[in-house]
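Let's take a walk through this protein together. Have a look at the sequence and the fold first, then read on.

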Amino acid sequence: MTGKYDIDVLIAGAGPTGSTLAADLLRRGLSVRLVDKAPHSFKGSRAKGVQPRTQEVLEDLGVLKEAHSEGGAYPLIGIHLGPITVPLRMQKRKKVTPDVPYPNVLLLPQHRTDAILHRLLDSLGLSIEFDTAIIDFEQDDNGVTTTLSSGEKIRSRYLVGTDGGSSTVRKAAGIRFMGETNEADRMLIIDGTINGLSRNRWHVWPRTHGKQVAACPLPHSDQFQVMIRLTPEESADLDETALAVKFQSLTGLQLQDITWTSVFRPNVRLAEQYRSGKVFLAGDAAHVHTPAGAQGLNTGIQDAYNLGWKLGQVIKGAPESLLESYEAERQPIAARVLKKSNELYSEIEKLHLSGLKRGDEERQLGISYYGGPLAPTNSSATKTLHVGDRAPDAPCTGPKGLSRLFELYQGPHFTLLAFGSNPIKGFSEFESNWPIGVGELRCYAVGNGLEVDNNRLDDTTGKLNSIYGITGETLVLIRPDGYIGSIITNDWLANFKNIVSKFATHSNTINSN
């Protein structure tokens, strides 16, 4: 790249997606600015479900303990049918296993998720620039020049729009937002307290005066998130007194101390493309969903997690073509999420209980990039894993008291696991063939009694080898976003050099071994 830059990456939108991306880029040593047209951070509960895979992302960023302390478990649903309340469990509680440390969805209001990520950014030295909108931008082969509402012009290598469903960046880039918005389908969402309503249930009134009403208790507070489905001809009056009167007429309960209100329309849209030159889209700017299944926020955070390491690698010298894999990997995920949330929402509309049930798909642990440009189907595999799959956790004993693989993976580096004596002999060559300055590679030998004390992992329980499906001598490369980057079972050095050409050099190819 040539030219003079003010910063590496400009991000528009300081919600969960933009904040995650900014944090990931900062820990890679890149220069970032994060702007948001809103006057302050978001104040409502809105997207409140943090799925297991997203919790793993938060752990990698070092903020999962905060999220767990400020969140809680989802309560049973209580369906009010006249004088009877029928209990229903939305999703079966899963047990912690060696490969899945956080198996259940976390109830965490969005304003707390934002606050946790914003505190992380502050600790990394970044101040969010609120009340600052993007007016326009121009791009060329080397970067983007963006005009802010303050009149300032910023020259950056890349611009990323994480600025929501009405994204200014997407519109200015001329990217079509395919799908539909049903203007007749609206829902009031309200944060407030409710006198006399138990907090051990997510209360649902499916047929009260012709409306669907729900109230979910928010953890560590006396507030509920209230949802009232409006009829097509009904006006959306957000006056607090009017809302209290409406809620009481529907449920007989008093709603008060309202702190946030919104009118939600279930958009179902997907950006035709995620990239235009040096401009990228992520989160709601790229895809918007119905609220069913708690998928939107999670998909956005994982967009950022996928894009962040790729931007970092390319800015430090990896092939520009690596960025082509962002859309190829993430757009199909969003399309599947849209389909699933649509199905659930349709069942809820029909008052079918199946619309309230959640399964493994919503947890997003099964997301795989297998078959994509970085993980072709002819790649080597283990007994349990393909290239492109999520790299599971596993117990082990390692340096500095390390006790599980996720501790090893935490950070912006690549991780190479070597199983067997022959791959381990090539450690020095692997490290010497990894270019300096394009992202760190950490190599570890898995095997009891090996004479590589500083980077040895002991699998004393045998679960690591079992979970990773190891049946012979194998190299497994873990990408910085916690997915399998490559599996090598022979010709160690030559195949490793192919990995380097994919992730860390100026080669123009992204072919996998």
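This is a predicted model: local features need pLDDT of at least 70, side-chain atom pairs count only at pLDDT 80 or more; totals for chains, interfaces and linings use all residues.

## Before we start

A residue counts as buried when its relative accessible area is under 20%, as exposed when that value is over 50%, and as partly exposed in between, using a 1.4 Å probe and protein chains only.

Residues are numbered from 1 along each chain as its sequence is written, and side-chain values use heavy atoms, with hydrogens and water left out.

## The whole chain

The protein chain has 13 helices and 25 strands. (Helices are DSSP runs of H or I with at least four residues, strands are E runs with at least two, and both are numbered from the N terminus.) The chain is as compact as a globular protein of its length, because its radius of gyration is 24 Å, close to the 24 Å that the globule rule gives for 513 residues. That radius is taken over C-alpha atoms, and the rule is 2.2 Å times the number of residues to the power 0.38. Along the principal axes, the C-alpha atoms fill a box of roughly 75 × 55 × 40 Å.

## A helix tucked inside

Helix 1 (residues 16-26) has 11 of its 11 residues buried, so it is largely enclosed by the rest of the structure. Among them are Pro16, Gly18, Leu21 and Asp24. What do these buried residues pack against? Their partners are strand 1 (7-12), strand 2 (32-35), helix 4 (110-123), strand 10 (153-161) and helix 7 (296-315).

Strands of a sheet pair through backbone hydrogen bonds, either parallel or antiparallel. Here, three strands make an open sheet in the order 3-7-4, with antiparallel pairing. Strand 3 (49-50) and strand 4 (72-73) are at the edges with a single partner strand each, so one side of each has no neighbour in the sheet.

Two strands count as paired if DSSP finds at least two bridges between them. Strand 3 and strand 7 (residues 106-107) are joined by two bridges, and valine 50 sits opposite leucine 106 in strand 7.

## Strand 14 and its two partners

Is strand 14 (residues 211-217) mostly covered or mostly open? It's mostly covered, with seven of its seven residues buried. Lys211, Val213, Ala215 and Pro217 point one way, while Gln212, Ala214 and Cys216 point the other.

Strand 13 (residues 201-208) pairs with strand 14 in the antiparallel sense over four bridges, with valine 204 opposite alanine 214. Their hairpin has two residues between the strands, and histidine 209 there takes a positive phi near 55°. Strand 15 (residues 224-230) also runs antiparallel to strand 14, joined by five bridges, and phenylalanine 224 stands opposite proline 217. That hairpin has six residues between its strands, with histidine 220 at a positive phi near 55°.

Aspartate 140 lies in the loop between strand 8 (134-139) and strand 9 (144-148). It is partly exposed, with a relative accessible area of 37%. Leaving aside neighbours within four places in sequence, aspartate 140 is in contact with Arg155 and Lys278. Lysine 278 is 138 residues away along the chain, yet the C-alpha atoms of aspartate 140 and lysine 278 are separated by 7.9 Å.

How values were computed:
Contact means heavy atoms within 4.5 Å.
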